Amino acid sequence: MSGKLLKKYSAVEGGFSYVGAVAAFLVVTVIYSFAVGALEEGSAVYEVVSFLFNILIQLCFLVAALLPARNLGSRMTYTFAKPTVRGVVSAAVLTVVCVVGFEGLALAFNYMLSSLGYTGGGIVSMAGALAIVFAVVRTVLAAPVCEELLLRGSVLSSLAVCGEMKRGLRIPFMVAVSGLMFALIHMNPQQTVYQFFFGCALAYVTIRFGSIVPAIIMHALNNAIGIVLSVPAVDGALSGWINGVFASGWGLGVFIAVSAALAVMAALVIRFVGRRFGGLEPESPEPHTGRTEDFENYADDGGTLAGTIMFIVGAVICLIMWVSRLVTGLGA
């Protein structure tokens, strides 16, 4: 777009991106269910087909993130801006902080789901070398780039200019909504708690460092750690220890209390690092003064309302699918 003046991002682009990604996710998932219906789970053909459909979903996320901005001639606030060395180092350190701080609450939530009879599928397949290779490519290479462009690129850029808001409330609003959108779009009850907190951390880091690159690094490292923890030997040992701790009521209570304390400490560390080594603030929308007095003075000519409606539609669809998967898992 050389020589062309790009418009400021509005809530419309992010709303289109999110609802488009959700719709594409559902369509691909339905096609996938038919494609693998006759295949033997765990076979090489099954793994290849699953991998290709998962990559297709990520490509849909990528298109959903980029297409609205291209069509409307606007530019994301948060994109591949060159990160500082401090940003890269901070991303690596904060990944470990997130795993230590938020995984406990996620484990407690998943234990309570399993105690209710929930039998949802695992996050990644680790049945054989081929599955592990596919898991690495999908979760460590493809997902961090495509999902961060969608959630922390398009969606977060829209939230940054989404209506007028009191100073001090915009960052918490952006962080919480981005985290919620991130958790819902995966539509997986087992992942929800951790992905909400981790999504909030990714949003905060993106805001403070003004780039999605640190978030991509965090996302990739986090997923790599998840793959290691999913190796049968590691997962079995961890599950045995967790079940032993949860065997008594006081053990579960202590674990939740300690996990909550770790989550608070992790949030404080993330806030300190973001303010100390990043320090940027989100853009505030510039009030539009060309409207008549018959209309509310939206900062982006009604884009906030339109974008909000699309965000809500996408979130409701995700929530319905989340509940459906929860009910299915409980009834299995």
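1. Packing of α6 on α9. In this predicted model, helix α6 (residues 192–209) packs against helix α9 (residues 249–278) at an angle of about 15 degrees, and their axes lie 9 Å apart. Because angles under 35 degrees count as roughly parallel, α6 is roughly parallel to α9. The crossing of these two helices is right-handed.

2. Residues between α6 and α9. On the α6 side the contact is made by Ala201, Tyr204, Arg208 and Phe209. These meet Ile270, Arg271, Val273, Gly274, Arg275, Phe277 and Gly278 of α9. Sorted by class, the contact of α6 with α9 has 6 nonpolar, 2 polar and 3 charged residues.

3. Packing of α4 on α7. Helix α4 (residues 129–160) and helix α7 (residues 213–230) also form a packed pair, with an angle of about 155 degrees and axes 9 Å apart. Angles over 145 degrees count as roughly antiparallel, and α4 and α7 are therefore roughly antiparallel to each other. Their crossing is right-handed.

4. Residues between α4 and α7. From α4, the residues in contact are Ala135, Val136, Thr139, Val140, Ala143, Pro144, Val145, Glu147 and Glu148. Their partners in α7 are Ala215, Ile216, His219, Ala220, Asn223, Ala224 and Ile227. By class, the contact of α4 with α7 has 11 nonpolar, 3 polar and 2 charged residues.

5. The largest nonpolar core. This core has 63 residues, and those touching the most other members are Tyr18, Phe61, Cys98, Leu150, Ile185, Met218 and Ile270. Helix α6 gives the most to this core, with 11 residues. Ile270 is also one of the α9 residues that meet α6.

6. Ile185 and its contacts. Which residues does Ile185 touch, leaving aside its neighbours within four places in sequence? They are Tyr18, Ala21, Val22, Phe25, Phe61, Leu150 and Cys318. Tyr18, Phe61 and Leu150 are, like Ile185, among the core residues that touch the most other members.

7. The chain as a whole. The chain has 10 helices and 2 strands. Read from the N terminus, its elements run β-α-α-β-α-α-α-α-α-α-α-α. Of the 332 residues in the chain, 45% are buried. Among contacts between residues at least 6 apart in sequence, 81% join residues at least 24 apart.

Conventions
Residues are numbered from 1 along each chain as its sequence is written. This is a predicted model: local features need pLDDT of at least 70, side-chain atom pairs count only at pLDDT 80 or more; totals for chains, interfaces and linings use all residues. Side-chain values use heavy atoms; hydrogens and water are left out. Axes are lines fitted to C-alpha atoms, for helices over the stretch in contact, and angles run from 0 to 180 degrees between N-to-C directions. Helices (H or I, at least four residues) and strands (E, at least two) are DSSP runs, numbered from the N terminus. Angles under 35 degrees count as roughly parallel, over 145 as roughly antiparallel, 65 to 115 as roughly perpendicular and the rest as oblique. A crossing is left-handed if the near helix is turned anticlockwise from the far one by less than a right angle, and right-handed if clockwise. Contact means heavy atoms within 4.5 Å. Ala, Val, Leu, Ile, Met, Phe, Trp, Tyr, Cys and Pro count as nonpolar, Asp, Glu, Lys and Arg as charged, and the others, Gly among them, as polar. A nonpolar core is a set of buried Ala, Val, Leu, Ile, Met, Phe, Trp, Tyr and Cys residues joined through side-chain atoms within 4.5 Å. Buried means under 20% relative accessible area, exposed over 50%, partly exposed in between (1.4 Å probe, protein chains only).
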